[in-house]
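Biologist: Can you walk me through this model? I'd like the overall picture, then some local detail.

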Amino acid sequence: MHHPFRHAGVSRRAILAGIAGSSAFLTTPARLLAQATPANPTFRHGVASGDPDASSVVLWTRVSGADTAANGMWELSATPDFAQVVKTGAFATDATRDWTVKVLATGLLPGGIYYYRFRMGEVISSLGRARILPQGKLDRLGIALMTCSNYAFGYFNAYDAIARDADVDFVLHTGDYIYEYGGKDGWGADVGRRIGRVHDPLHDIVSLTDYRTRHAQYKTDAGSQAMHANHTLLACWDDHESANNPWTGGAQNHHPETEGDWPSRRAASIQAYYEWMPVREPEWLAHKGLTRMQFWRGYSFGDLATLHTLETRHTARARQIEYLDYAQTITDAASAERFKKEVLGASGRRILSPECEADLEAALSRSVKQGQPWRIIGCPMVIARVEVPDVAKLGLVPDPFSRLATVKSKEELVQLAADPVVSLAWRGRFNLPDYTDAWGGYPWARERLYDLSRRAGAGDLIFLSGDSHSFWVNRLADDAGRSAGIEFGAAGISSPGDFVSSGFDDATARSLDGAYAEHIPEVVWTDNMHQGYVRVEFGREQGTATFVAVDTVLSPFYRTAVLRRVPFARRNGQVEFTA
């Protein structure tokens, strides 16, 4: 997502805003330290598992310090002491894949929990735990939803908290696993300098070497290593794994005149992602014919739930609409409605490829026919209608329209729009979507998704969404006002909330959260003041979403907080909030 009104600096006070005074802040008895990992120069990036099915799982590590081909063994055990080794195999890696190791362990028991490690001679990696998808009767499932981990902005303490969370069965990362930004004045750079977490390389990443180096840096974080070692990853990507706000023909943060052609940069980012993440190669998929770029997955959890992830960046997305290109033609409510209908809502402005839509519809149909109660979508961006209320009329920000009335050129408008107050108030005056890079900028595509879910008999979806750096509880509806399901959105692991990072003071940022919940029909609750994750637990007929915050990302010493618990249930063929 493009955040055009960022201030480079975000203070500790801003990042921690609201925590100390919140009555919902339930601290643990003492501060936790993001788990330190033993020094292991050979396997210094830890271990990870991911992309499971009911009989197999991907195991990952990296060999450091090698300058020629490296060979070793991997082991899988039913017990953490490796007294019952059930699988072993050899691995080989070299510079062509940046010395990363990725193997597919097969022939495993549905629902099984296994322990794994890698070995080179006498050197042994840290221990990992992997979980296989269950089959048959299942009464409970716990998923940790996480997104937006920016190394420069702080320690990945929420990852560490997830590693310690005994109610989590699998972890879902909905994207922005890394950030491509760099430069001494890049977003978060001043925070990174203060806490010793400056991005490597220092410049915006463009080449394959750049992307590999950045992935390597992120996997040195202790919280990240703890999370990956303890839980099996389900993942989709968003924009920053490649560049800010990409579409099929380019990206907002890609400059061909200095950074080369977009397809080459995109290919480098995807290659590094597959090297450094525990995700299946196309040839390991049961559904044949997909490419690396077609990165969507379906997971079935026994008779309880189906989870399907989406690819929204590289296979179909139409170019984002920029408000500045139309701002001078939007002068009243009627012209704003025409803009929303004819420009944002133009037919054919895709965000999902036809192949992804077809696979999603088939998965939802199977889930309905099998009688699973829950259908979950792993969604890179918030899908709810988040149309900005008139925040100037509400008295939350100064009214900028006397200043806007004097604008005579687009250049003057660009200068004024750089002020986040002006930008937000302008969108609020005309009730426009908060960001055109999210689903609000693609209403035709959103309605198309809702339509296919209805054809599948699944108008009861639960979206688990990322990207926005805010917590969300949203009640969804299609254009006809029919329920389309519910949505839970996660705040960043370390990325700060948009109102905070745009420079609004703490009181105003909180008030804006409140105004969104009060005046936007689909928004039940939102919070941009914290970092953390969402634990979503599914039972047979009911579930609970627990919003967990960390009190700091500026130190590895942290406390956790439960900001809110939101129960939900199935009723009359729909999914509804119950409190």
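Biologist: Fine. What kind of model is it?

Modeller: It is a predicted model.

Biologist: How many helices and strands are in the chain?

Modeller: The chain has 15 helices and 26 strands. Its radius of gyration is 23 Å, close to the 25 Å that the globule rule gives for 579 residues, so the chain is as compact as a globular protein of that length.

Biologist: And what does the C-alpha trace span along its principal axes?

Modeller: About 75 × 55 × 50 Å.

Biologist: What share of the residues is buried?

Modeller: Buried residues are 62% of the 579. On contacts, take those with a separation of 6 or more: 73% of them join residues 24 or more positions apart.

Biologist: Now helices. At what angle do α2 and α5 pack?

Modeller: About 30 degrees, with the axes 7 Å apart. Helix α2 covers residues 157-164 and helix α5 covers residues 222-230. Angles under 35 degrees count as roughly parallel, and α2 and α5 are therefore roughly parallel to each other.

Biologist: Is that crossing left-handed or right-handed?

Modeller: The crossing of α2 and α5 is left-handed.

Biologist: Which residues make the contact?

Modeller: From α2, Tyr159, Asp160, Ile162 and Ala163. From α5, Gly223, Ser224, Ala226, Met227 and Asn230. By class, the contact of α2 with α5 has five nonpolar, three polar and one charged residues.

Biologist: Staying on α2, how many of its residues are buried?

Modeller: Seven of the eight, so α2 is largely enclosed by the rest of the structure. The buried residues in α2 are Asn157, Ala158, Tyr159, Asp160, Ala161, Ile162 and Ala163.

Biologist: Next pair. How do α4 and α7 cross?

Modeller: At roughly 35 degrees, with axes that come within 8 Å. Helix α7 runs over residues 262-276. The crossing of α4 and α7 is right-handed.

Biologist: Which residues of α4 meet α7?

Modeller: Leu208, Tyr211, Arg212, His215 and Ala216 of α4. They meet Arg265, Ala268, Ser269, Gln271, Ala272, Tyr273, Glu275 and Trp276 of α7. Sorted by class, the contact of α4 with α7 has seven nonpolar, three polar and three charged residues.

Biologist: Those contact positions are spaced in a pattern. What does helix geometry say in general?

Modeller: An α-helix has 3.6 residues a turn, so residues three or four places apart point the same way.

Biologist: Zoom in on Ala272. Is it buried or exposed?

Modeller: Ala272 is found in helix α7. Ala272 is buried, with a relative accessible area of 0%. Leaving out residues up to four places away in sequence, Ala272 touches Leu208, Tyr211, Arg212 and His215.

Biologist: How far apart are Ala272 and Ala216?

Modeller: 9.9 Å, C-alpha to C-alpha. Along the sequence, Ala272 and Ala216 are 56 residues apart.

Biologist: OK. Is the peptide bond from Asp200 to Pro201 cis or trans?

Modeller: It is cis, with omega near -5 degrees. Pro201 sits in the loop between α3 (189-195) and α4 (208-218).

Biologist: And Asp467? What is its phi?

Modeller: Positive, about 80 degrees, although Asp467 is not a glycine. Asp467 is in the loop between β18 (461-465) and β19 (471-477). Asp467 is buried at 1% relative accessible area.

Biologist: Last one. Where does Lys137 lie?

Modeller: In the loop between β9 (128-131) and β10 (141-146). Lys137 is exposed, with a relative accessible area of 60%.

Biologist: Which residues is Lys137 in contact with?

Modeller: Asp303 and Arg540, leaving aside neighbours within four places in sequence. Lys137 and Asp303 are 166 residues apart along the chain, yet their C-alpha atoms are separated by 5.5 Å.

How values were computed:
Residues numbered from 1 in each chain as written. Predicted model: local features only at pLDDT ≥ 70, side-chain atom pairs only at ≥ 80, totals over all residues. Heavy atoms only, no water. Axes fitted to C-alpha atoms, helices over the stretch in contact; angles between N-to-C directions. Helix = DSSP H or I, 4+ residues; strand = E, 2+ residues; numbered from the N terminus. Parallel < 35°, antiparallel > 145°, perpendicular 65-115°, else oblique. Left-handed = near helix turned anticlockwise from the far one by under 90°. Contact = heavy atoms within 4.5 Å. Nonpolar A, V, L, I, M, F, W, Y, C, P; charged D, E, K, R; others polar. Rg over C-alpha atoms; globule rule 2.2 N^0.38 Å. Buried < 20%, exposed > 50% of the residue type's maximum accessible area, 1.4 Å probe, protein only.
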